Amino acid sequence: IPCPRCGVVATMRIAAGVHIARVPEVREQILANRFHRFTCAGCRESTQIETELVYTDFPRRHWIHVAPPDELGRWRDHEARLAHDVARAFDLGSPLAHPLAEGLRVRLVFGIVALREKLVIWDAGLDDGLVECVKVRAFASDPELAAPGSGRVVEEVAGDSLRLAWFASAGDRGPVRRFATPPVWLADTDHDRASLAARFPELFGSGFVSVARLL
């Protein structure tokens, strides 16, 4: 892989799919922001490699299809493919696999940062659909957060507050802003779950659970 800054070539392992029960260290690498990342030996530039991959963690009931960030505009195609792959695995596969489908969270994300966000949210015991509704509320307080092409990612859950990073565009190497949501927002969102699910049903199903699909 050539360094995008100076061109020095590096060699690294790239995953097409990971089954976390077999490689639990990969999950830790993702949470530590070290997965699919290399530091150039020439200029010391750190680069995140984005490829398509399937992330499964059946003990935790996770199946996540990770698509490259620059393919966000094709989310409908990727979502349809994800639904097909899951149906093929469980409807046409071995009956022994059927118990694995019970309570399975099936998601589509774009990029490793977005994959990490899902893990952080679920590790905190939160519903990612409700978290996306908190982002909608953030738009009302600061419309810039909904700017075309921008992205909002939960980096940490601190008590009842979400700490988010805001990227002005999908190509940003790092966030432009960081901010924390007021603790009451999560509590309000949980209380209003029924009305929010009726208003934003796309955020309470499977597939691409993201405010990006509403923008």
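The expected span of a helix is taken as 1.5 Å times one less than its number of residues, where helices (H or I, at least four residues) and strands (E, at least two) are DSSP runs numbered from the N terminus. By this rule the twelve residues of α3 should span 16 Å, and the C-alpha atoms at its ends are 16 Å apart, which agrees. The model is predicted, so that local features need pLDDT of at least 70 and side-chain atom pairs count only at pLDDT 80 or more, whereas totals for chains, interfaces and linings use all residues. Residues are numbered from 1 along each chain as its sequence is written, and side-chain values use heavy atoms, with hydrogens and water left out.

The buried residues are I112, A114, L115, R116, E117, K118, L119, V120, I121 and W122. G125, which follows α3, has a positive phi near 75°.

In soluble globular proteins, nonpolar side chains tend to be buried together.

Contacts were assigned to heavy atoms within 4.5 Å. With residues up to four places away in sequence not counted, L162 touches L126, V131, V134, V154, E156, V157, F179, A180, T181 and L186.

Angles under 35 degrees count as roughly parallel, over 145 as roughly antiparallel, 65 to 115 as roughly perpendicular and the rest as oblique. The axes of α3 and α4 come within 10 Å and cross at roughly 110°; the two helices are therefore roughly perpendicular to each other. In this contact, E117, K118, I121 and W122 of α3 meet D128, V131, E132 and K135 of α4. For the class composition, Ala, Val, Leu, Ile, Met, Phe, Trp, Tyr, Cys and Pro count as nonpolar, Asp, Glu, Lys and Arg as charged, and the others, Gly among them, as polar. The residues of the contact of α3 with α4 divide into three nonpolar, no polar and five charged.

For α1 and α3, the axes come within 9 Å and cross at roughly 100°, which makes α1 roughly perpendicular to α3. R27, I30 and L31 of α1 make this contact with L115, R116, L119, V120 and D123 of α3. The contact of α1 with α3 comprises five nonpolar, no polar and three charged residues.

Two further buried positions were examined. L82, in helix α2 (residues 75-91), is buried, with a relative accessible area of 2%. Beyond residues up to four places away in sequence, L82 touches W63, H65, V106, R107, L108 and G207. L82 and S206 are 124 residues apart in sequence, yet 9.7 Å apart in space, C-alpha to C-alpha. V211, in the segment after α6 (193-199), is buried with a relative accessible area of 2%. Neighbours within four places in sequence aside, V211 is in contact with E132, K135, V136, F139, R152 and L203. The C-alpha atoms of V211 and V134, 77 residues apart along the chain, are separated by 9.8 Å.

Most residues other than glycine have a negative phi, and most peptide bonds are trans. N33, a residue other than glycine, has a positive phi near 60°. N33 is placed in the loop between α1 and β2 (37-39) and counts as partly exposed at 40% relative accessibility. R61, likewise a residue other than glycine, has a positive phi near 65°. R61 lies in the loop between β4 and β5 and, at 26% relative accessibility, counts as partly exposed.

Note on methods: Buried < 20%, exposed > 50% of the residue type's maximum accessible area, 1.4 Å probe, protein only. Axes fitted to C-alpha atoms, helices over the stretch in contact; angles between N-to-C directions.
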